[in-house]
Amino acid sequence: MRLRYMFFVATLLVALPPGLAGAAEGSAPREGVLRLLPGDSVTQHEITIATQKLSYTATAGTLDLFGQDGTQSAAIFYTAYVKKDGDPDRPLTFAFNGGPGAASAFLHLGLVGPKIVDFGPKGDDGAGAKLTDNPQTWLDFTDLVLIDPIGTGWSRTAKADDASKYYNVNTDADTIAKTIALYVAHNNRSASPKYLLGESYGGFRAAKVADALKDNQGIIVSGAVMLSPLIEGQLMFGADQFALGAALELPSLAAAEMDRRNSFDPARQRDAEHFALTDYLTTLAGAPPTGDAGKAFYGKVADLTGIDAAIVEKNRGFLGGSFAKQAAKGLVASPYDAAFTSLDPYPESDESRGDDAILDGFTRAYGGIFANYARNELGFHTDMTYSLLDSDINRRWEWGGRGGGSRLQASITDDIRELLASNPSFRLLVAHGYSDLVTPYGVSRYVIDHLPTSLTTGRVALNVYPGGHMFYTRTEQRAAFTADAKAFYTARRQASPAD
């Protein structure tokens, strides 16, 4: 997230809007809450990966952002892991989560970092979660820099009232791009192939950051990994209100039903995908079926999803939020993994209420565990509290357009097209969990299937794994995804785009 120092400091000051100018060494002492942030901590570590020892340097620190008047506007917290004696062309990956309002601890301690959180034998014990070595750390094939956007982790503005200026699509992307440029400059990594890794809104952010890096910082990324990404808001939000959205969501409900019964079958899943975009889609798009045709249609949807046929018929086949309580009687399912059920705190209610058992449950342990890890193992001591997930940022996020815009207009389809067209070396890996209803994999497949093959052949891949939005909390799926990511990093582009 940084550029070469002497030459680029001047260009960074010019390229960025007021309030995002670059930091300078020897600047004035920090003001306000930023005084709670210590200097960077650099520590040495070692981990064993597949019987081989890997030595690495960890840096937990911050990068300062300054306004055009020379006063500090913000500080961005990051954690970097760099292999000792790595090759000069070793890849460098910048990772961030989404939300908006999420810190990077999810990806950090859930997937890529040298430490991983073990949630117990059932994978859902936040109270008893423990930090262990991660045998599938991505340090095996890339150096890592994990970034916390403003308002998350320990990233803060100097003035509290200024934080909301960063809560919008464009300023957020520019800020992350600036942070990347500064890291590259300060660490002399301009020659390293650069990749972006983003989860959920972070996948959306990755495309916007890639654009901002190219346009504002002169940095061209080699590729991006989008994990459970938001790609097209209009196909994702309110999917139960229109036929195509419901059809793209149905395969995830079918996968969840098989997963709940421990009977996941790839062949049956392919049948569900075919049904979703043929008979299911055309039936929802027309008048509701009646008689024997209606009974057969609603019965098939019920069989695929586990939702009672009477409920399916009542909703005319649009399942919406009915899966949460209807698919598992006496329990409530999470949209982050429709196969994951927990005790229902409001069994007397027909609607799902209360906290989500995944997002508001065991995964919240990432925050406290990371704060302890940063202090005791990385040497980053601060009295500032670590913000894992701030729902207020999400509520205040400006998507663009008048009045802040709507998440329904969120789209990176054009960004992906242009990245592939303008950069023939750019490659994209999209990964999803089958039973994720927050960002159903059917939406990403639809978008990718409608991209020109001249852009995608040999350069764009979609991989789907058992599990939900954070399928990497399942040990086997984390290992499988890591192996696929390693292959993605090491593979060469097999086909050139058409002239």
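How do the residues of the lining of the second largest pocket divide into nonpolar, polar and charged? Hold that while I set the ground rules.

This is a predicted model, where local features need pLDDT of at least 70, side-chain atom pairs count only at pLDDT 80 or more, and totals for chains, interfaces and linings use all residues. Residues are numbered from 1 along each chain as its sequence is written, and side-chain values use heavy atoms, with hydrogens and water left out.

Pockets, then. A pocket is an open set of points on a 1 Å grid over the protein atoms alone, where a 1.4 Å probe fits, with protein on both sides within 12 Å along at least five of seven lines; lining residues have an atom within 4 Å of a point. Volume is the space filled by probe spheres set on the points, joined across faces, edges and corners.

The second largest pocket has about 560 Å³. Its lining has 33 residues, with Lys122, Gly123, Phe340, Thr473 and Arg474 closest to the centre. Now the answer: 14 are nonpolar, eleven polar and eight charged. Here nonpolar means Ala, Val, Leu, Ile, Met, Phe, Trp, Tyr, Cys and Pro; charged means Asp, Glu, Lys and Arg; the others, Gly among them, are polar.

The largest pocket holds about 1200 Å³. It is lined by 47 residues. Nearest its centre are Pro335, Tyr336, Leu359, Arg407 and Val438. That lining divides into 22 nonpolar, 15 polar and ten charged. Strand S12 gives the most, three residues. Strands are DSSP runs of E, at least two residues, and helices are runs of H or I, at least four, numbered from the N terminus.
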